[in-house]
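Open the model in your viewer and switch to a cartoon view. Keep the selection tool ready.

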Amino acid sequence: MKSQSFKRLFGNIDYYLLFSCFLLCALGIVAIYSSGIDAEGVTVSNEYLKQIIWFGIGVFLLIAAAVFDFSRYKDMVWILFAFAILLLIITLLAGKVVNGARSWLGIGGIGIQPAEFTKIATVLMLARYLESAEFDSSFKKLLMTGLIMSIPLALILAQPDFGSALVFIPAALVMLTLADVDFQYILFGVLSIVGVFLFLSLPLYASNHPNPENILFTAITNKNVLIAILIFILVISIISGIGWLKFKKRYYYWLSYSMAILAISTIGAIIAHSILKPYQIMRLLVFIDPSIDPKGSGWNILQSITAIGSGGFWGKGFLQGTHSHARYIPQQSTDFIFSIIAEEFGFVGCIVLFILYGILLFRCIVLIETSKDRFSQYVIGGLLGIFAFHFMINIGMAMGIMPVTGIPLYFVSYGGSSLWTGLISIGILTGISARRYSA
Amino acid sequence: MAMLPKKITLRIRILKALIIMLLVIYSINLFSMQVLRKELFVSEAQRISIQSTRIPAPRGEVYDRSGRNLLAGNIEAYSVYITPSELPGSKKSEVINKLSLLLNIPIEDIENKLPDSSLYSYGRIVIAKNASLEAVTQIAARIDEFPGISWSSKPLRNYADLQSLSNIIGYVGTITRDEYKLLYNKGYILEDLTGKAGIELAYEDLLKGKDGWISKAVDVYGKDISNNAAEIQEPIPGKRLILSIDSKIQKIAEEALGPRQGSVIVLKPATGEILAMVTYPYYDSRIFMSDNVGKAYLELLNDPNKPMLNRAYQSSYPVASTFKTVLTAAILEENAISPDKKIYCSGELIYGGRSWSCHIKKPGHGALDLKNALAQSCDIYFWTAGRDYLGIENIVSYAQDFGYGKPTGIDLPAENVGLLPTPTWKEEKYNEIWTPGDTMNLSIGQGYLLASPLQLANMMAMIVNDGIIYKPHILKEVRDPTTSALINEIQPEILHQSSISSRTFETLKSYLRGVIVYGTAKVPINTKVVQVAGKTGTAEVGLKDRWHSWFVSFGPYDAPAKDQIVVATMIEASNPWEWWAPYAANVIYQAIYANQNAHDAAKAVGVRLEGSSLIGKRE
C-alpha cells in the first residue's frame with residue numbers, strides 16, 4: 001500500500017514544471033558567468049559561483065517546501081505571515097541599505113531580502129483568507145485582501161523598495177480573479193494602478209521639458225490647481241455615489257466608479273511622489289522617453305536595448321557579447337540579465353527562455369485546474385501572478401517597453417533571496433501537484 | 001479534485017489568453033528588435049561610445065613670502081599601458097620580459113593582466129601606475145622595441161624639504177569615504193587627493209583646481225574611431241598660494257629652538273601676518289607621498305612626542321608670569337593701585353592657612369612699585385593686587401580683552417582656544433565655589449588658566465598696536481597659477497579692538513621694556529642690535545626641576561608699530577631645564593636684525609645653540 005501511494009505521489013509530480021525551472025536556473029548561471037567577464041576577458045566577478053551554491057541550497061528548500069503539505073496545515077499559515085512581517089519590521093529598524101533601500105537583513109556579507117520571502121507568506125495568507133471567505137461578497141473580499149496586503153506593502157514601501165511592493169498587486173489580482181470577485185472591482189484595481197503611474201509620471205515628464213505644450217501638464221503640475229481638481233473629483237464621486245444609492249441609476253454608479261479611480265490615482269500619485277527617491281522618479285520618466293537623460297538613468301535602457309538588438313537571430317555566442325562585456329550596463333547580472341542572454345544567444349536563445357517561462361506559467365494554470373482544493377488554487381494563482389509579473393516587468397524593462405523598477409527575473413537573475421523564493425515557490429507547486437489526486 | 005465553477009473556468013481561460021498575449025507580444029517585439037531592426041542596433045553598438053578620460057588638474061603651488069621658494073609643487077607620475085592588439089604575439093614574451101626589468105614588476109603580474117582573451121583588444125591595459133621618469137624615458141628612447149606600449153603622466157604632489165614648515169603646509173592623502181560624501185557635490189571622485197592638514201586642508205578649495213577631460217569616440221573594442229581631434233577640456237590648475245612665512249626667519253627660529261619640544265612664533269603685529277611658526281618635533285610632509293604611507297602615518301600617530309601636533313597654536317599651556325602683563329594693564333587702566341605705591345615682598349605670604357612663596361625666597365624682593373614688580377615678576381605683588389585690588393571679575397574681563405580663551409581665527413585647522421577660568425565655569429565644572437586662592441593663582445598665570453603660544457603672541461600684538469589685534473594668518477596672496485597675476489591679497493582684518501586707553505599701553509610698553517633693561521630678562525636678552533620688550537614666564541607643571549619656559553616679546557621697542565615684530569617662544573617642561581625661551585628669542589632678534597644666521601647670531605650674543613651649559617634662572 002505504502003509503496004503504491006509513494007508511486008502515485010511521485011507519479012503525479014509536475015515534472016514539466018521542475019524541468020523548466022531547473023533549465024532556467026542553468027541558463028541564469030551561464031548568463032551570470034558571462035556577465036562577470038569584462039571586455040579584456042578577465043573574470044572580474046565570482047557571482048556565478050555564489051549563484052551555484054545558492055542553487056544547491058535552494059534545491060533542498062524546494063524539496064522541503066514540496067514535502068510540507070501546506071493545505072493540511074493551512075490554518076497555521078498566519079504564523080508564517082506574522083514571521084515575515086516581523087522580519088520586515090526588523091529590516092526597517094536594523095537592515096542594511098543597498099541601492100538606496102533599507103532592504104537587507106544579515107550579518108557581515110551574508111544577508112537576505114525579507115521582502116522576497118514575504119511574497120510567498122502573503123500569498124499563503126491571502127489564499128487562506130479567500131478560501132474561508134468563499135461565500136462573502138466581492139466587496140468584502142476585495143477590502144479584506146487589500147487590508148491583509150497593505151501590511152507588507154506599507155513595510156516594503158517604507159524601505160523604500162517600490163519594485164518589490166508592486167508585485168503584491170498582480171498576485172492579489174490573479175487570486176481575486178479566481179475567487180470570483182466581480183470584474184468591475186478587479187478593473188477598478190488595475191485602472192487605479194495605471195492612473196497612479198500616469199499621474200505620477202506625466203507632471204514629472206512635463207517639468208523636465210522646457211515648454212510643456214499640453215494644458216494637462218500645467219494643470220497637474222500646479223499644486224493649487226491640483227488640489228482644486230482633487231476636491232472637484234471627490235465631490236462629484238460623493239454626489240454620484242449618493243445619486244446611485246438613491247436613484248439606483250446605472251450611470252450614477254459608473255460616474256462614481258470612474259471618479260473614484262481618478263481620485264485614488266491622484267492621491268496615490270501624490271503619496272508615491274513623496275515616497276519615491278529622485279532616481280526612481282527619473283527611471284519612470286526615462287521609461288516615457290529614454291533620451292531625456294541619455295547619460296544618466298536613460299543609459300541603462302539605451303545600452304540594454306542596444307545589446308539586445310545587436311544580438312540578432314543567432315546571437316554573438318557565449319562570452320562574445322561585446323556590448324555586455326564592455327560593462328556598459330550596470331546591474332547586468334541582476335536586473336538586466338536578459339540583455340546579456342539576448343546579446344549572446346540571440347532571438348533563438350530568448351525564444352527558448354520564453355518557452356521555458358511559458359511552460360512554467362502554463363503548468364501553473366493546469367495545476368489550478370487539477371488541484372484538489374480552493375486553498376491550493378489560490379496559492380498557485382498568487383505565485384502565477386508573481387512569476388508572470390516579474391517576467392513581464394523585467395524583460396519588458398530590458399527591452400525598453402516597461403519602466404525600470406529593478407525587479408529580478410526569477411530563476412535567472414543573480415541573487416540568493418530571489419532564487420530561493422523562486423525555488424521555494426516551485427517546491428510548493430510541486431507539493432501541490434504530487435498530492436492533487438490523493439484524497 | 002474540486003469542481004471549478006463555470007465562471008471560474010472562463011476566467012482561467014482569460015488568464016491563459018493574457019499569458020499567451022504577453023509571450024506573443026514580447027516575442028514579436030524581440031523579433032522586431034533582433035531580426036528586423038538588427039542592423040540598426042549592431043551599428044549603434046559598434047558606432048560610438050564617447051570615452052572620457054580625466055586629465056587631473058595639478059594642485060596649486062605653495063610659495064613662501066618671497067614668492068621664490070617653492071614649498072609644495074607637483075611632479076609627474078607615469079602610468080604605463082599595453083595595447084594588446086598592437087603587440088605582436090611573437091614579441092609578446094620578449095616585451096614583457098623587458099618591461100618587467102624596467103618597471104621592476106614580476107613577469108607573472110604583467111602576464112596576469114594580459115589573458116589570452118584580450119589578445120585582440122584595442123583597449124589599453126594599465127601595467128604600472130607609478131613608473132619612474134627614467135623607465136619611461138628608456139621606453140620612449142627605444143619605442144621600436146616596445147610595440148603596443150604607451151604611457152601617460154599625471155601630476156603628483158611633491159614637497160620641498162620643508163623641515164618645520166611641514167606642520168604648516170600639512171599634506172594630502174586619498175579622499176576618505178566620509179570626505180567623499182561631503183565633497184561629492186564639488187565634483188570629487190574617489191581617486192582624488194584632498195588636503196588632510198595645515199594649508200593643504202585649510203585652502204583645499206583654492207588648491208584643488210578643476211580636472212579636465214579628453215572625450216573621444218571609441219568603438220565597442222575601445223578603438224579610437226574619431227576622425228577629428230579629440231575634444232579636450234583643459235584642466236584648470238589650482239591657485240598659487242603665497243604664504244606670509246619668511247623662509248629665512250623660519251630657518252632662524254627653527255635653529256634657535258633646536259631639538260627642544262616647544263614652539264616659536266614670529267608675527268607682524270601691524271597686519272597679523274605670521275612670519276615664522278616653528279613647532280618641534282615636526283614631521284616630514286614627504287613621507288605622505290611615499291609608497292608605505294600607511295606605516296609611516298601610524299608611526300607618527302603613535303609617537304609619544306606627538307609630531308603631528310602644531311604646538312604653536314594647537315597646544316595650550318599654563319602661561320605663568322606672562323599673564324602679569326594682563327594684570328599690569330588692568331591695574332593701570334583701572335587705576336587700582338597707584339603705579340608708585342609699593343607693596344612689600346618678604347618672599348612669603350601667608351593666606352588661607354598656607355604659605356605662598358615668591359620665586360625669590362626670604363628675604364624676598366623688598367618693597368616694589370608696579371613697574372619693578374613686573375620687571376622682577378614678583379608673585380607677592382600680583383597676588384595681592386589680584387586678590388585685594390582687582391578682583392576676579394576685572395581679571396577675567398581684561399584677560400578676555402587680551403584674547404584669552406577665544407579663538408585667534410588663524411587660517412589653519414583645529415586651533416586650541418585654551419581656557420580662561422571664571423567662577424561660573426568652576427562651579428559648573430567642579431561644583432566648587434571660586435576662592436580668593438583661585439584668584440591668586442590666576443593672578444600669576446597658574447591654576448586653571450591655559451593659552452596657546454599664538455594667543456600670547458596676540459596679546460603682545462595688541463600692546464604694540466595700542467589695542468588692536470589683527471587676525472593672524474599664514475596666507476598672504478592668491479595668485480594665478482600660470483600668469484602669476486595677483487588674484488587676491490589678504491588684507492589685515494581686525495580680530496579685536498580693545499577699549500583700553502593708549503596711555504595705559506604706552507606705560508605698559510615701557511614697563512615691558514623694563515623687564516629687559518633691569519628685570520628678569522636682563523641676562524638672556526643681551527642683543528645689542530635691537531631693543532626688545534617682553535615678559536618671561538616659568539610655569540609650574542608639577543615637576544621638581546623643570547618648568548615650561550615662556551618668553552613673549554616685541555621689538556624694536558623704539559620703532560613705529562608697523563615695523564615691529566612679535567616673538568613668542570615656548571619650551572615645554574619635558575626638555576631638560578635650561579630656561580631656553582628667552583635665550584632662543586635673543587638669538588632670533590639678533591639674527592633678524594643683524595641679518596645673520598642663527599649660528600652666527602648665537603656666537604654674537606654668546607649663546608651656545610646646543611644649550612646645556614646655560615645656567616637658568618627660575619622666577
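The tour below goes through a predicted model, stop by stop.

**Stop 1: chain B as a whole.** Select chain B. Its 619 residues form 21 helices and 23 strands. Of these residues, 44% count as buried. Now consider contacts in chain B with a separation of 6 or more: 71% of them come from residues 24 or more positions apart.

**Stop 2: a covered helix in chain A.** Select residues 168-178 of chain A, which make up helix α8. Is this helix mostly covered or exposed? It is mostly covered, with 9 of its 11 residues buried. Show side chains for the buried ones, including A:Phe168, A:Leu173, A:Met175 and A:Leu178. Then step just past α8(A) to A:Asp180, where phi is positive, about 65°.

**Stop 3: two cis peptide bonds in chain B.** Zoom to B:Lys362 and B:Pro363. The bond joining them is cis, with omega about 10°. B:Pro363 sits in the loop between β15 (354-357) and β16 (366-368). Next, select B:Gly555 and B:Pro556. The peptide bond here is also cis, and omega is near -5°. B:Pro556 belongs to the loop between β22 (548-555) and β23 (565-571).

**Stop 4: positive phi in chain B.** Pick B:Gln163, in the loop between β5 (149-159) and α6 (166-169). Its phi is near 50°, a positive value in a non-glycine residue. B:Gln163 has 16 C-beta neighbours inside 10 Å, so it counts as partly exposed. Finish at B:Lys306, in the loop between α11 (293-302) and α12 (311-314). This residue is not a glycine, yet phi is positive, about 50°. B:Lys306 counts as partly exposed because it has 16 C-beta neighbours inside 10 Å.

Key:
Residues are numbered from 1 along each chain as its sequence is written. Chains are lettered from A and ligands numbered from 1 in the order in which they are written. This is a predicted model: local features need pLDDT of at least 70, side-chain atom pairs count only at pLDDT 80 or more; totals for chains, interfaces and linings use all residues. Helices (H or I, at least four residues) and strands (E, at least two) are DSSP runs, numbered from the N terminus. A residue is buried if 20 or more other C-beta atoms lie within 10 Å of its own, exposed if 12 or fewer, and partly exposed in between; C-beta atoms are placed from the backbone. Two residues are in contact if their C-beta atoms, placed from the backbone, lie within 7 Å.
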